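Subject: Structure handover

Dear colleague,

Please find the structure below. My notes on it follow.

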Amino acid sequence: MSDLQELSDHVHERLSSIQRLLDLSSAEVPQNKMKKLSQEITSLGSQMERFEAFVERQRGQLQQLKALEEVYQRHLEGVQHLVVHIPVHMPKRKSPAKASEAAAVKSEAAGAAPAPAETSRRGNRSIKMMMVVTLPEFEAIPQYMKGRTTYDQLNAAVQTINTAVVTKYKIVQQPVKSLNNHSKGLHQRFKELETKDTKGQFFVVEQDIREFTQVKVDKKFHLLLNMLRHCQRLKELRGGGRTRYVLL
């Protein structure tokens, strides 16, 4: 941008010089002045060609950046999908002999109720995650609300909330008996914060964000939350002295 400003200033300086010479056109202009005017016009034409070439290069770079942003968005969505759907335990490959034995046992146990752990895993829902804010959405946020916040800072807040949500609901979806004492305490706290309005929803509170992400939930972070609410990424539900941030 400094090169562009320098070129613009130079063009304006040349234009001012030509204007001064033209102002003298009504009087008798010496030959050397006319020659200087011709040189100025030629130089100005060259400068304008450079200016147009520079603008064209900037336009090409902008298109490349937009293409990179689209690629980044696709990769980020893929990573978010993988984070949510990583299985707790990877299945082990069975040998043919063991597979036959398992089939025989399964045949003998036909009609029996499935194991509770398997039922729990099948009954779990996919954990919802907040989508990143697109550049057009960010630019549409009112300036008074956005202030000096950058696009990357806002999407960093999105990732912070997603981390808290995934950590919380991986605990919620585990059988209580399989949890250690600390996780059992968290599980109980999560359940106590649920209300009829949060049924079927994914939400976190400030304590979850602090504990699972180590992010300082201060005034600046609340401004980020306001922008995410403006972008319809979340809503607030208040009750019992707590604010619940519900993903939309």
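Helices (H or I, at least four residues) and strands (E, at least two) are DSSP runs, numbered from the N terminus. By that scheme, Val 217 falls in the loop between H9 and helix H10 (219-230).

This is a predicted model, in which local features need pLDDT of at least 70, side-chain atom pairs count only at pLDDT 80 or more, and totals for chains, interfaces and linings use all residues. Residues are numbered from 1 along each chain as its sequence is written, and side-chain values use heavy atoms, with hydrogens and water left out.

Overall picture

The protein has 10 helices and 3 strands, in the order α-α-α-α-α-α-α-α-β-α-α-β-β from the N terminus. Of its 248 residues, 29% are buried (under 20% relative accessible area; exposed is over 50%, partly exposed in between; 1.4 Å probe, protein chains only). Taking contact as heavy atoms within 4.5 Å, 66% of the contacts between residues at least 6 apart in sequence join residues at least 24 apart. The accessible surface is about 17400 Å², and carbon and sulfur atoms hold 55% of that; the areas come from the Shrake-Rupley method with a 1.4 Å probe, and for residues only the protein chains shown count as cover.

Confidence

pLDDT is the predictor's confidence in each residue, from 0 to 100. Its mean over the protein is 79, with 74% of residues at 70 or more. Helix H4 (residues 116-123) has the lowest confidence, at a mean of 41, and strand E1 (residues 203-204) the highest, at 96. Over residues 104-122 pLDDT stays under 50, and the model has 4 contacts beyond four places in sequence for that stretch.

Aromatic rings

Rings of Phe, Tyr and Trp (its six-membered ring) pair if their centres lie within 6.5 Å; planes under 30 degrees apart count as stacked, over 60 as edge-to-face and the rest as tilted. By this rule there are 3 aromatic pairs. One of them is Tyr 169 with Phe 202, edge-to-face at 4.7 Å centre to centre and 65° between the planes. This pair links distant parts of the chain, with Tyr 169 in helix H7 (residues 151-172) and Phe 202 in the loop between H8 and E1, 33 residues apart. Tyr 169 is buried at 5% relative accessible area, and Phe 202 is buried at 5% relative accessibility. Phe 190 and Phe 212 also form an edge-to-face pair, at 6.2 Å centre to centre with 65° between the planes. Phe 190 is in helix H8 and Phe 212 in helix H9 (residues 206-213), 22 residues apart. Phe 190 counts as buried because its relative accessibility is 0%; Phe 212 is buried at 17%.

A charge sits over a ring if NZ of Lys or CZ of Arg is within 6 Å of the ring centre and within 35 degrees of the ring normal. Lys 146 lies over the face of Phe 138, 4.6 Å from the ring centre, and the charged end of Lys 168 sits over the ring of Phe 203, 3.6 Å from its centre.

Arg 189 is in helix H8 (residues 181-193) and is buried at 15% relative accessibility. Its side chain makes a polar contact of 2.5 Å with that of Asp 208 (a pair of N or O atoms within 3.5 Å; within protein, one must be able to donate a hydrogen and the other to accept it, and residues adjacent in sequence count only if both atoms are side-chain atoms). Beyond its neighbours within four places in sequence, Arg 189 is in contact with Gln 207, Asp 208 and Glu 211.

Val 217 is buried at 9% relative accessible area. Leaving aside neighbours within four places in sequence, Val 217 contacts Glu 206, Ile 209, Arg 210 and His 222.

Regards
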